[in-house]
Amino acid sequence: MSPAEEAASILKELGVNADGGDLVSSSPIDGSEIGRVRTADPAEAARAAVEAFERWRTVPAPRRGELVRLLGEELRAAKEPLAKLVTLESGKILQEGLGEVQEMIDICDFAVGLSRQLYGLTIASERSNHRMMEQWHPLGPVLVISAFNFPVAVWAWNAALALVCGNPVIWKPSEKTPLTAEAVTALMKRALKRFGDAPEGLVQLVQGGREIGEQLVDDPRIALVSATGSTAMGRAVGPRVAQRFGRALLELGGNNAMIVCPSADLALAERAILFSAAGTAGQRCTTLRRLIVHERVADQLVARLKQLFAHVKVGDPREHDTLVGPLIDESAFDGMKRVLGERIERVDAISGGYYVRPALVEAEAQAGTVLQETFAPILYALRYREFDEALRLNNEVPQGLSSAIFTNDLREAERFLSAAGSDCGIANVNIGPSGAEIGGAFGGEKETGGGRESGSDSWRAYMRRQTNTVNYGTDLPLAQGIRFDI
Ligand code: UN1
């Protein structure tokens, strides 16, 4: 079946109408049009979200969790068709499409539990007959800006937490993946219907281009802008939100490295490298982009990787033995070509799609394009002699998302995880830098933007903290022992 036919039948199955409007979705599989959607009015969305907030914030959190539980059920039931649509629209292989939907289900489960655990602290007061505590209250409308490479999971990380935290959600998805957003919104609508009395405007989808995104970013009614995408996008969004004293949660580019030490289990490292460098056609923010390998094992490892890269199956992401699907579009291909020049190897898979062979580039020094995030499967290999040098290389890039070390030496592993080790938000031992579980906080430092999404206590970004002091005595002692007698 052609991507267009397949998309049409999935959309029908999921009850989505995507044949009108002027935002066109094309499949990276062959470049063909697979649907059209309508753009929406951002000001109207913000208005409706504020109205929804007034009601949703007083719904008990565990009851709010029920809505997310129902969403999880809808996602479980629709896992396969939704994953197939992710494959058709983003080009990632079906296994990864399924993984992405599983990531949505996992975060729903996490958020349901969280809905009964939005804990504040009690704090010892310095005054007698006083009690201090902090509460976490709903924040307000949350705008989720997501990228094409995780067209559905990133929304779910944000929406599941925002909803249990008492906030309405407006979603501005990538213009490159509007259909998957429509499909998820249709599933959400089903969950809302089963839930019964959720306010209108609680969960909204605003399709459109950059200007529509900017209008939302600038709207003072949006309390939190959670933006996942390139550093360039974050550089545009961050200051605009700061300008109006809004809150921003940025999860931006990565330039993730793996250190391979002499004691490393090389067979394990090879598998981790192949998945994290070539998987998703190099289009994850956690993709492995730099290999920092000890000179004693470098020849062996690089030779083996060259072989693996030369043979990994690049092609139609719907075929079960394909490991590397197409790049998202021509501009991604041009970006890769700018870096590789004539060394770029285009794979003649399906005409209209941009299929490339993952590239392994031995770099003399960490300079030029090695410092940039090129959103394509390019892995730079650098050599090191002293461990300190490896650590320095790991950290000496502008981005700070993910990192990994392969070693069986306890001291090296612990130094990598120490305060003087990796400066990234994610640091792994004997696991590649990509493919994180939702239970941990996800995000990174420096040009990665500093925000944390998903697990651990990331929920706090979606709430406002209030400190309360209560006097249950008959006196009015002042803090710091100040006397102010009348
Ligand atoms: C992204 O690429 O924007 O850790 C997110 C991972 C996935 C999420 C990636 N769980 O690779």
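How are helix 10 and helix 11 oriented to each other? This is a predicted model, in which local features need pLDDT of at least 70, side-chain atom pairs count only at pLDDT 80 or more, and totals for chains, interfaces and linings use all residues. Residues are numbered from 1 along each chain as its sequence is written.

The axes of helix 10 (residues 266-278) and helix 11 (residues 295-311) cross at roughly 50° and come within 11 Å. Helices here are DSSP runs (H or I, at least four residues) numbered from the N terminus, and axes are lines fitted to C-alpha atoms over the stretch in contact, with angles from 0 to 180 degrees between N-to-C directions. The two helices are therefore oblique to each other; angles under 35 degrees count as roughly parallel, over 145 as roughly antiparallel, 65 to 115 as roughly perpendicular and the rest as oblique.

In this contact, Leu266, Ala269, Glu270, Ile273, Leu274 and Ala278 of helix 10 meet residues of helix 11, among them Val297, Arg304 and Phe309. Residues are in contact if their C-beta atoms, placed from the backbone, lie within 7 Å.

Helix 11 also holds lysine 306.

Elsewhere, cysteine 108 touches Val68, Arg69, Leu71, Gly72, Leu75, Ala156 and Ala160, not counting residues up to four places away in sequence.

Key. Contact = placed C-beta atoms within 7 Å.
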